[in-house]
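Colleague: Hello! Could you walk me through how to read this model?

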2 protein chains.
Amino acid sequence: MFEAHFQTFEDASERAESAARVAALRADLKKRGLDGFLVPRADRQQNEYVPPGEERLAWLTGFTGSAGSAVILLNRAALFVDGRYTVQAAEQTDPAVFEIVHLADTSPDKWLEANLGAGAKLGYDSWLHTSEGAEKLANACVAAGATLVAVDGNPIDALWRNRPAPPSGPVVLHDLRFAGESSADKFKRIRTELTKLRADVLLVSDPQNIAWTFNIRGNDVAHTPIPLAFALLPKEGRPTLYIEAGRLGNNVLQAVEDVADVRAPDALTRDLSNLKGNTVRLDQASAAHAITRLITDAGGNAARGPDPITPMKAVKNKTEIAGSRAAHKRDGAAMARFLAWFDKEAPRGRLTEIDAVEALESFRRDTGALKDVSFPTISGSGPNGAIVHYRVTRKSNRRISKNELFLIDSGAQYQDGTTDITRTVVAGKPTPEMRDRFTRVLKGHIGIATAVFPENTSGAQIDPLARVALWEAGLDFDHGTGHGVGSYLSVHEGPARISKLGTVALRRGMILSNEPGYYKTAAYGIRIENLVLVIAEPEPKGAERPLNTFETLTLAPIDRRLIDVKMLTPKERAWLNSYHKRVRDVIGPLVDAPTREWLKRVTKKI
Amino acid sequence: MFEAHFQTFEDASERAESAARVAALRADLKKRGLDGFLVPRADRQQNEYVPPGEERLAWLTGFTGSAGSAVILLNRAALFVDGRYTVQAAEQTDPAVFEIVHLADTSPDKWLEANLGAGAKLGYDSWLHTSEGAEKLANACVAAGATLVAVDGNPIDALWRNRPAPPSGPVVLHDLRFAGESSADKFKRIRTELTKLRADVLLVSDPQNIAWTFNIRGNDVAHTPIPLAFALLPKEGRPTLYIEAGRLGNNVLQAVEDVADVRAPDALTRDLSNLKGNTVRLDQASAAHAITRLITDAGGNAARGPDPITPMKAVKNKTEIAGSRAAHKRDGAAMARFLAWFDKEAPRGRLTEIDAVEALESFRRDTGALKDVSFPTISGSGPNGAIVHYRVTRKSNRRISKNELFLIDSGAQYQDGTTDITRTVVAGKPTPEMRDRFTRVLKGHIGIATAVFPENTSGAQIDPLARVALWEAGLDFDHGTGHGVGSYLSVHEGPARISKLGTVALRRGMILSNEPGYYKTAAYGIRIENLVLVIAEPEPKGAERPLNTFETLTLAPIDRRLIDVKMLTPKERAWLNSYHKRVRDVIGPLVDAPTREWLKRVTKKI
């Protein structure tokens, strides 16, 4: 009936192969005179989702998580993962080959410092590490009396039979009716920033920034519509986009060539070598150390720092904001259909986590506008809901039982906007504890949704508003409250975020998530997530500073059965009732009659 | 009648002398082959209050503020000050000699980069700059094609006739009944930290840390009872305290020599030169660059970072906490007498800001326990209250008029504890706006006072609770909400603070200020400050994390005439009433009958 096109539920680990692959790699390292090699889960642009041919870490170790790295020495090998992945890594890897190291205990550089012998030569692929990362490794080698050696060509690529080819799919225009600003105008603004930064050229290595600047989109990785390209943007003269011209249709090529040159990817290294005497601004978060080296070897000055495009992209223009509002209406209608369906089906006790994922994606596809899901849906019933980054597989799939909480965190890629929403619902009757916890999370959610704060306030400064109701009960959640969201781009976008690390000011036009939660290990998880837009707050009389607040973009009911109404303040109750009225008024006309009836019922005043 | 012993109201600027002094300095620089010289407002230990002989900046420029620096080139001279001091600097300096540069516009290193000629030699005294500071200056010189040169002996000292001699007053023991922990036990704990830091020796350059570690106090600078000494604390073997033994009475010398060696200050440089092969931990915030150089020149390894003593000192032990509570009762009684006196006298319209300072200090001296004020009292009526760091002088002294707000921020040094309190009161009838603003500041104060937060929460994470009520009206205050406070030590103590920069976790036993404010330029200032102690909050049922909260230490009424009661939530009103009941119950028995009657009246339930 329902099916998922944009995510799978297979556990793709090739754990059984890893012993032989590691042995082959070691043989190759010996031939090269190396004592070890680093295998990060990274491509050349530090993307969150990487193309299949860049999944070297999974190929070698069996571990398929989205973050981690391995160190292969001649006589031992370690896989480094964070708290999200320690269980999965242990399951997916061969304990005879890999020891699993928790990043909270030991970082790869500390481990190398302790385990590399004096005189050892450690190889690494300088295209897969940022300069900061490479410097850390080099320091660790120095401390161990060893040497870090950049290899020529990644040895894994030669060993990997049937390694998937690089993406070659079409690149399309992101039409002005979605983008709202021409490339030429964006170039102008970027050049102003380059002047301020005293840079001659900007190397754009983050494909999200390429996509935004050139108003193009691609299909090179899952869930984020980016083309894997680079660009050079000089303060004077035409920019160059490095991508196979054949991947651009005639109309796309023409549009890009109106304002920039298009050159083959190979030309990048040659062009970087011609920047002698130039100060080249590099994105410290995505530029490979290989690029820094190419520039400095050629006598250029590699100036590392944040890419000035990142904060420009984060502030959405009127067109992008209108697009996001439209996308959220569409997505809200699909969510309403899903939640109504769930309410009807779940009490029968037959639904599984995968059923829910497939139904939700199907409802979204029914809109006719779904390009992709913006990330693999997190669908966790009961104890699985407490695993913050849970991804359901055929093996982990769990029936959604009566009176359990069910958490579903999902998002869509539409051409006019990217969405990200989490709802927690109960199939049956919640315990008083569940209602207490849910209501505290809701109070935090409303604390952010209704926050009023002066211009230049950072996300860190409002983050506690999402937590105080939990703190009072001796509870908290161990993730940020919100991340930036792109406009038909990555669902995780910098530079702003709502978290104690979010030191960037929240600017009008930024879209962020508002997603406090609570997780009771081995029992249940709660998260309530809407996307919010930073907007101006009308200034009260006597105000001395411009004020901002949020407009909530996401439109879907919040499960009233889970709310302990007497814990809400009048102001909080008013927010919930007015939000639910908006959901009813805006989404009601977009759904079928039974869903509309359901919607009326679940958005009633409390 | 009343008088102040511990602060003066003179404007001590020697502005008239500065042209001649600068000319003499320039002549000396030429002799030395230098093209310029740096004059920071700093002593060898980066103290907040410095001895008179270290006031080189004031001697040379006329500017007597507590922060700033000057650059003297052969043909021009600049004085750098922050926003607090731009008006004062302009008044106190000769415009024919000095240009005033606002630090917000240009830092000294940026200014040097632009104004030093290529080939220039810029002199500096490496004892008066931290290594980080010296490195910034060196980089600026490199950028300008100039050279930074460490001078031998500060040239100002030779020119300064009748330069005050270094402090030579007695150093006393800080008795165990105040300190609560022996030096020997403190050494043990510090050595454990040194092992973790992989350091062989700790150089203690912050006199507050010396005072804490050795359980001694001094009288070398105003307002902070520190002896200006250094110490070396090896991981193994006896520590050495560098101070003139003659300044220690027999009992003090004996107590110190029980656990450490005492050597003359001169011996420090010699001993630093003997640390070849040792890793010496240096406090990055207070250690002079001269020290780094002595160590590295001798083949030692200067490891810069935070002094491990600083976070240990910040967590007060039971004895120190009991002392602080006692100090606050004593201080609260003096404050009650002062506020009662003010209420009686102020409506006659004859009091001045200086009268208030003198009365308050006199009431504190009447306790028989006052050792010093913990900083010069800020006493600002009307528009002067809006100047955050206002210091009243004979010239600025203002009559406290009817219906104006009066802000008084003061503190005391008692042997058992250091206090810091701000009250804002009205002599007459406040405007509705004043009451609105005062009530918002009070809501912020109560927000901090009643905050409940998990262990490991930083000051930054609770800072917004002091601001949301102001934000909602488009208002804010441009200073942190709170700073750490020492135990008969500095009223400004690291490492924790409540501010957006306060990333250090708040630990049980820390004492901090809680001082939100609001300042209407040229009209009035409001601040409500109590000291608070971080304590454990009883854990509610089902709590998963240890919780902390604050105990308010300061005991003095908050002006109820300035409160708009209907703006307070029931919880806020309850806090105020219970606080006032505590003030009445605890302070009432300590004051004379008329003050007690007054106290009853002003602490009535609202």
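Colleague: How much area is buried between chain B and chain A?

Modeller: The size of an interface is often given as the accessible area lost when the parts come together. Here about 2,400 Å² is buried between chain B and chain A, with 50% of that from carbon and sulfur atoms; buried area is the accessible area (1.4 Å probe) that two parts lose on being put together, summed over both. In chain B, the residues losing the most area to chain A are B:Gln461, B:Trp471 and B:Arg545, together 27% of what that side buries.

This is a predicted model, where local features need pLDDT of at least 70 and side-chain atom pairs count only at pLDDT 80 or more, while totals for chains, interfaces and linings use all residues. Residues are numbered from 1 along each chain as its sequence is written, chains are lettered from A and ligands numbered from 1 in the order written, and side-chain values use heavy atoms, leaving out hydrogens and water.

Colleague: How many salt bridges are there between chain B and chain A?

Modeller: A salt bridge is a side-chain nitrogen of Lys or Arg within 4 Å of a carboxyl oxygen of Asp or Glu. Between chain B and chain A there are 2. One of them joins the side chains of B:Arg545 and A:Asp478 (3.0 Å, N to O).

Colleague: Is A:Ser374 buried or exposed?

Modeller: Buried means under 20% relative accessible area, exposed over 50%, and partly exposed in between (1.4 Å probe, protein chains only). A:Ser374 counts as buried because its relative accessibility is 0%. Its side chain reaches the backbone oxygen of A:Thr419 at 2.9 Å.

Key: A polar contact is a pair of N or O atoms within 3.5 Å; within protein, one must be able to donate a hydrogen and the other to accept it, and residues adjacent in sequence count only if both atoms are side-chain atoms.
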